[in-house]
Amino acid sequence: MADSRDSSPEGLVSTNTNSKYPNFEVDYVISYSLPPPSSPSALAEAEASFTQLITLLSKTGFALEVRPGRPPTTPTSPSSLLIFLRIASHPLLEKQIYRYRVQDWLYGVRTAAPGPPNSLSQQEPITDAERLRLAYLLITKPVNEGGAGITPGLGQWRFVKSVFPLHDRRFNKQWIKDWSTKYILDDDDLLKIRNQFGEKVAFYFAFLQSYFQFLLFPAVFGAGAWLILGGFSWVYAVVNCLWGVIFFEHWKVKEVDLAVQWGVRGVGKIQLPRPQFKFEREGVDAVTGEIVKVYSPYKRLARQALQVPFAGACVVVLGGLILGCFGIEIFITEVYMGPFKQYLTFLPTVLLTIFMPTFTTLFTKLAERLTELENYETVDAHQASFVQKIFVLNFITSYLGIFLTAFVYVPFGKILVPYLDVFQLTAQKFTAEGKPLPTKEWVINPDRLRKQVIYFTVTAQIVNFATEVIVPYAKRRIFKTVEKVQTEIKGEKGVEWPGDAEEEHKFLQRVREEAGLDQYDVTIDYREMVIQFGYLSLFSVVWPLTGCSFLVNNWVEARSDAMKIAANSQRPIPWRADSIGPWLNALGFLSWLGSITSAALVYLFNKSGGGQLGVGSVWEIPGWALLLAILCSEHVYLGVQFVVRGVIKRLDSPGLQKERAERFAMRKELLERMVEEEVVSEQAEKGVGGVVDGERITREVLEEEARVHSGLGPEKVFWLRQRSAGESVEVGRGLIQLVSLANNNTAKRG
């Protein structure tokens, strides 16, 4: 019989640490929230749900251990339990590996079918990322598919706060150390990220690294253009647009190459179902003949149409806020000469700081709600729709201010400024006897656009770095201090959890810290890089040093994002991906739009071309000529894109060479089998079965195991304290009863 407590034999699992069993062999930790002691009915519900949770996980095939989590500091504060999971059986892990590798082969992700399950150790080793992904699927898959059916935070599992893998701190430490001493990341660095955190995270860092390398050219060329040509140079505009086309087309090929090298090309065809999907009826699939859950495409289309008023509301509300603050800023800085001007200049910034995050948060929640209403069957479709809405929000908040300066303030300034008297008339009502405010004659500030671009490409990047790395750490420290002080002031005592075993204490303290961290969302990092690419494509013709700023920023960004994952976030679920997803379309759109805005900016503002003549008097600019410049630029862009795409596709790459070699080897092997008449049919006859039940772990088996493995280390002893699922239930219920007793004692004292 296989050892049910050791599912990580050498040759099957590759690790990046010196220890054979990092993290006490834990695969996942479930943070299980408990209501406050003052809510006995909710505690009873949590206890029943906990018992069902442990039972399902044990039947699925997980070894379980329960430990105290966050204690309730007061009778009215919540607490939590920590449930440690590990795939208990080596054969169960092999079956999962075999099942999903066969699925990959059937969908064309793999070029050859995997060998028998019992020969996995002789094939490619399973990485930490693949093992954790399969374990998570076992936790979350429906029961009828062999999983436990746990959906964190939803329905009956609302007390399951989070399910997360533990960080490999030695890997993280070495990772940060290596990256802090490197200027350029290589393929091995990306492969380590892929093996540790999955392809989805690895694709982000691969994109960031490719983007960083491509930034070397606009940084050097932009510095030369700034010194020799100045701003609004048509030479720089043409070269920058050409660079954008080449980068976009290069990345499209690069991500295919990486997908082949990492063995995930076409994995997007394997869609993960959304637990939140609500079907209307069941029908028969016209292709497969299987029973499928169906939701009316017409209803979804009608709900998707709500994106139009959503985009309109974003433009009206966010655009109105930006436009209003824009007008106030112009009036105060360039017209108003009254008292307190040095303080009033900060008013627009204060208004934007207060209202912009508020409205953005509201619209983000509205975008989430609209995406939920669209009711997608798969996670990828849901995410793609949400990204589209978020991109609209960020496009408005990031670029609208510069568009107003470039295409409204300067061309139409002399026409619109008289309407700014509304601010003066409003302010006069608060002056003594309604005296007019001192003002000066307004003159267009031609340097305003350049300063604005510098702010968004330099200052805003620094602020964003502080917001990402420094603020979360400071916030956690402050919240812990405030919570401690509040508890001491109230003088209330909560439940005292049983003490940790000495050999487990440091480990459990680390797990409790990780349970309190935020979940890492790679979408946020993609959004930052895509918006940054937009600044370079759309507005760098105003200030050619934009590329230099982004080059420095992105070297720091790669390291800060690594630090964010390693120290400020829970370890991400290692999902697979074969591209950067919907963000690729956003890149293409910004690259195309950059050809239009660059042509318009050069035409309007290039001094040698006469664009500065009649500044503030747009009527002196021939509209037909501006339109012609834009159309010519766009058509040239499309033509260049067609040529570049054709050239890049003709270039070979290591990934495509690997794919051709694998397919050739497969054809050769099949031919040899046909010639020798040794076609093997055992795999087709046996089929691929799902997991029906977990291996039963009895006290006799564990006692025999303890006798065999005498003198075990703490990582082994950790899994021997609770001998069965029943004991795990009893430990957890005992901790919950402590919370209930604390409430009863508090009531008696009252």
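Q: What covers the buried residues of H7?
A: The cover includes helix H6 (199-214), helix H8 (234-261) and helix H18 (546-567), contact being heavy atoms within 4.5 Å. Helices are DSSP runs (H or I, at least four residues), numbered from the N terminus. This is a predicted model, in which local features need pLDDT of at least 70 and side-chain atom pairs count only at pLDDT 80 or more. Residues are numbered from 1 along each chain, and side-chain values use heavy atoms.

Q: What makes the end-to-end span of H7 agree with that of a helix?
A: The expected span is 1.5 Å times one less than the number of residues. For the 13 residues of H7 (residues 216-228) this gives 18 Å, and the end C-alpha atoms are 18 Å apart, so the values agree.

Q: Why is Arg169 classed as it is by its relative accessible area?
A: Its value is 42%, so Arg169 is partly exposed.

Q: What makes the pairing of Glu514 and Arg169 a salt bridge?
A: The term requires a side-chain nitrogen of Lys or Arg within 4 Å of a carboxyl oxygen of Asp or Glu. The N to O distance here is 3.9 Å, and the pair meets in a salt bridge. Glu514 lies in helix H16 (residues 505-515) and Arg169 in helix H4 (residues 169-180), 345 residues apart.

Note on methods: Helices (H or I, at least four residues) and strands (E, at least two) are DSSP runs, numbered from the N terminus. Buried means under 20% relative accessible area, exposed over 50%, partly exposed in between (1.4 Å probe, protein chains only).
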